[in-house]
Amino acid sequence: MLSIVSTPIGNLGDITLRALETLKKCDAIVCEDTRVTGQLLKLLDLPKKELLSCHGYSDPRKVDNIARRLVGGQHLVLVSDAGTPGISDPGYALVSRARSERIPIEVIPGPAAFLAALSASGLPINRFVYFGFLPLKKGRQTLLRSFKDEERTIVFYESVHRIEKTIDELAEALREQPDRSVVIARELTKVHEEVVTTTVAGLPAIARSITKKGEFVVVIGAR
Ligand code: SAM
């Protein structure tokens, strides 16, 4: 059996009861970074488990080995470093393989940064489109320009290294829509959580003033 388990995006209190129970009883945990998951088990006071690293750049033979264990009847848990496995994180290849091997799969949902940002945004979120991390080069400007015509709320992830540049590029791409709402969520669920609400016109000032620390989600209102 494969259990797909979401873990906190910052605040340990967001671990679910089902996640705790499953992490306790499984045979081994498939994770992105064994140090991060080892530390999580420690902080949650959970027993040590065998940790099998499997990330986006892993050799496909790793997925084969994990699949063999599942076929052999082991109960494995899939986690990522934070949040929901597969959401801008590894996981897809293993879940897809487990499905094709007809392994029973259960999902134990929990935090995901884009969902937390959407619910905190105060923007309509009955229809939204999630872009993960924006492309760095090819297609980036085309995508940013396409936001002009998007009729759903837009949400994407950004790293601390690029947040200022991305906010500036967004201001430029949407300059004809100065009143359009933008929300930038930083360090959600953590001590320094911050949700900045602005408009396209306010973006250049925010690009300078926002604290350049931690993790970011950008939400843009529909056109
Ligand atoms: N699997 C994760 C999820 O379910 O949200 C996302 C992993 S992705 C590699 C990491 C990115 O998610 C960060 O660069 C940031 O954009 C966003 N993120 C993760 N935790 C966050 C938090 N606490 N506050 C704001 N953004 C966060």
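To start, which residue has a backbone N or O atom 2.9 Å from a nitrogen atom of the ligand?

A: That's Ile 87, whose backbone N or O atom sits at 2.9 Å from that ligand nitrogen. Before going on: this is a predicted model, where local features need pLDDT of at least 70, side-chain atom pairs count only at pLDDT 80 or more, and totals for chains, interfaces and linings use all residues. Residues are numbered from 1 along each chain as its sequence is written, and side-chain values use heavy atoms, with hydrogens and water left out.

Leu 188 also brings a polar backbone atom, 2.8 Å from a nitrogen atom of the ligand, while one from Phe 216 is 2.6 Å from a ligand oxygen. Taken alone, the ligand exposes 570 Å², and the protein buries 91% of that (Shrake-Rupley areas with a 1.4 Å probe).

Now for the surroundings. 18 residues surround the ligand, each with a heavy atom within 4 Å of it; among the closest are Thr 84, Asp 89 and Tyr 157. By class, that shell has 10 nonpolar, 3 polar and 5 charged residues, with Gly counted as polar and Tyr as nonpolar. Domain 1 (2-108) and domain 2 (113-220) each give at least three residues to the shell; the bounds come from an automatic or database domain assignment.

Definitions and conventions:
A polar contact is a pair of N or O atoms within 3.5 Å; within protein, one must be able to donate a hydrogen and the other to accept it, and residues adjacent in sequence count only if both atoms are side-chain atoms.
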